[in-house]
2 protein chains.
Amino acid sequence: MASDYSSSPITLNDLNPKVLKCAYAIRGEIVTHAQTLQQDLTENPGSHPFNEILYCNIGNPHSLGQKPISFFREVLALCDHPLLLDRSETKAMFSADSIERAIQILDQIPCRATGAYSHSQGIKGLRDKIASGIEVRDGFPADPNDIFLTDGASPAVHMMMQLLIGSENDGILCPIPQYPLYSASITLHGGTHISYYLDEETGWALEISELENQLKTARSRGVNVKALVVINPGNPTGRVLAEANQREIVEFCWKEGVVLLADEVYQENVYAPDKQFHSFKKISRSMGFGEKDISLVSFHSASKGYYGECGKRGGYMEFTGFSPEIREQIYKVASVNLCSNISGQILASLIMSPPKVGDESHECFSAEKEAILSSLARRAKILEDAFNSLEGVTCYKAEGALYSFPRINLPDKAIKAAEEAKTAPDAFYAWRLLNATGIVVVSGSGFGQRPGTWHFRCTILPQEEKIPAIVSRFTQFHKQFMDEFRG
Amino acid sequence: MASDYSSSPITLNDLNPKVLKCAYAIRGEIVTHAQTLQQDLTENPGSHPFNEILYCNIGNPHSLGQKPISFFREVLALCDHPLLLDRSETKAMFSADSIERAIQILDQIPCRATGAYSHSQGIKGLRDKIASGIEVRDGFPADPNDIFLTDGASPAVHMMMQLLIGSENDGILCPIPQYPLYSASITLHGGTHISYYLDEETGWALEISELENQLKTARSRGVNVKALVVINPGNPTGRVLAEANQREIVEFCWKEGVVLLADEVYQENVYAPDKQFHSFKKISRSMGFGEKDISLVSFHSASKGYYGECGKRGGYMEFTGFSPEIREQIYKVASVNLCSNISGQILASLIMSPPKVGDESHECFSAEKEAILSSLARRAKILEDAFNSLEGVTCYKAEGALYSFPRINLPDKAIKAAEEAKTAPDAFYAWRLLNATGIVVVSGSGFGQRPGTWHFRCTILPQEEKIPAIVSRFTQFHKQFMDEFRG
């Protein structure tokens, strides 16, 4: 088809080469293929050996049937349409604390205008709430002026990469496997991705010696290492870092003078009873590091957690240990986009200040929250066991986050068949899985993995009643696949 | 304070130099200063010779008291909290067509999940509505697959700059004066800003000869000119382009092989009775140019128009005349950020498909819309006349958009005083105006202007009943300023 556009002003060669180079597997070719299959199923039911597509490629809970937290949506609806607050019927239709909260929020906005651009960092009253929430979580002070509200965590990560990367000489230490937003953003901003490997054999542990080695190698190549990305709880690994390990990481950043970019969007998603989330800010403060010792950005989002409100694009970054001059630059860059969306801002404040004991909504809120989190824990366990029962598959426990990331030992014949199909072996497996079962997973090559190892990431998000059927379809597919390609 | 951070890993010198270079006057120093004054007024009423800050620096209608369009907010509230649709009270509290529309929208979303990430281009059903709205507006077909829903127009502009700019060798033709998003985005992406001057003497006309000259000069310097930015209706100029002029512009882009980036966010804001908005797509199609002749991106936003829903961050770009390979690249870049916020997506569809004659909301909707637009037209005229009555000030008619952009002939003594204060003369004037009256305007130097000319941009957005007082404060200030500095 390209030739039809031969007289167009712009061809592929005219585009920014950094855009051409960038890859983002989460919505790559396999998802486009899944969308085609889905259309097939709508137009010709029975045209494939399954009757629905199960999107396990992306942490998108509501798309697979998870219901929103009622309190959050009540407040959002009232803020969207404040005239409801003048109606007598409203008291019967909304909880007392959602009404109270909506009024409180509206009172913090000049003219009560949820339709106005806010301060470039977000509405001050909402940042106050978030700062209080962080203080309650960490036991250390938080400053609303350190909070930047953002349209989810992704634009916040881009903003930091834009700030830190001036040329390909600037490097960012990133885990492998990683969430591919990081590699995509580093590529788009023209920086150097310095991989550090997580150790699969010890359940995807982060070894400081590996960080040190990669930093040293990068520096010896003349790379100016600006920052370290840590994702905790881990995506795609599900690892929840131990406190002692976090202290080592903070010490490393302090000693080496690199910014710590802490992706903490899964902080509410911890399933392992012996593990607990600790923010890097709490860890660094508890070690005695203050504002002037370490530069730290914590990313959070309304898209994950038990709420899973991906479509609202709400999130924030907490930004500590940067000089006023640097803050001014961040403020300026945020200002060019004016502000993040106000519903997302409101939601970001709500997740950091949910109903408390004694509030009318509290019982309902707690029940909704616990039902989601306990079900996610059960689903994580069922999938872990199911994957571990497959021939040649090993899967570490998802201690947190929303994913299983099993390793598959693929037979040589499958690797050869993939080579012939000009695709990575695990992408070949994922493609076959989709065509046989309608289940969409992302191959390990999209996240990065040690050469010669193969994985896939599968979310734990299908509704619980569907899990047995998924496990059985998956198991059957895997058997057939192995039978076909076993040496 | 900088020295306190001397041991921080990151100093100003470590930042991306493109970020340091970027400027965005709309929320520059003067706005920060205004925020300080506002805090003063709260803490010490009477501490300044005015009792409120009037933010005329930014097109942010709701922040100055404009009310939202009821129908839009009803639909948004119902989509935010779909459980309302199950309540018997809802019929009494919402219009029948807002209920119907909300149901229609929810039915187009898998699982009715407004909390899920959508397709990277936005929800298909909403894009269908937008495409139909474009067809009705233009009388030419529009394809939902050409629509990319975005968090307002700003991220859409950034996305295009990211796509088109690979190095400083890539140039973008931009008007002077311009909305500084363009210069900021070109700087952030490391491209070359090629200025073409609008002709103030003919009411800010866009002369093709000027485009041709600037293009020729840029090419002779080895710049690869990728695109032409046209803002219509104009920001800050208020000019609405004549159809014949638009045809010349399309012809220029076709002949010279440059992408036409059409900022059409003020398409609903036309006040001159002899002027009408025509989209560049309509113009190009009416000239017989098809998909393969011209590459055109039209930006639209829910932030402006009569609705002015800036805080919702809704918008779209319509993207025609690009090969499938290039579309894939845009899709990929959009995918890295997953999707724009769903409330903004819904709102973007609503502005392109408002209530029709016969719908229950139609009468109320029309009354709200007409009240806002006719009031804006009156305000534009009052401010134009007021500015023209000031000594040394000339102000062209705002035919459209949301701004007055008067020129001030500053006395030499004022220019000298500005030099001494190390600021641009018009910034000096704006700063004095703020300190004397509480009115925030943006100086012409923030938009670009012919060397030696001075301007400021003032929105026409303060509520109508406040305009006389503003005019009188402004007039008094200007007299005193001129008396102080007259030669």
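In chain B, strand 3 (residues 170-176) and strand 5 (residues 224-231) run parallel and are joined by 4 bridges. Here, strands (E, at least two residues) and helices (H or I, at least four residues) are DSSP runs numbered from the N terminus, and two strands pair if DSSP finds at least two bridges between them. Within this pair, Asp170(B) stands opposite Asn224(B) of strand 5. The model is predicted, with local features needing pLDDT of at least 70, side-chain atom pairs counting only at pLDDT 80 or more, and totals for chains, interfaces and linings using all residues. Residues are numbered from 1 along each chain as its sequence is written, chains are lettered from A and ligands numbered from 1 in the order in which they are written, and side-chain values use heavy atoms, without hydrogens and water.

Both strands belong to an open sheet of 7 strands in chain B, ordered 2-8-7-6-5-3-4 with mixed pairing.

Helix 9 (residues 208-220) of chain B lies across strand 3, strand 4 and strand 5 of that chain, at about 150° to strand 4. Angles run from 0 to 180 degrees between N-to-C directions of axes, which are lines fitted to C-alpha atoms, for helices over the stretch in contact; contact means heavy atoms within 4.5 Å.

Turning to the two chains, a rotation of 180° with 0.0 Å of shift along its axis superposes chain B on chain A (RMSD 0.0 Å), by least squares on the C-alpha atoms of residues with pLDDT of at least 70 in both. The two copies are thus related as by a two-fold rotation axis.
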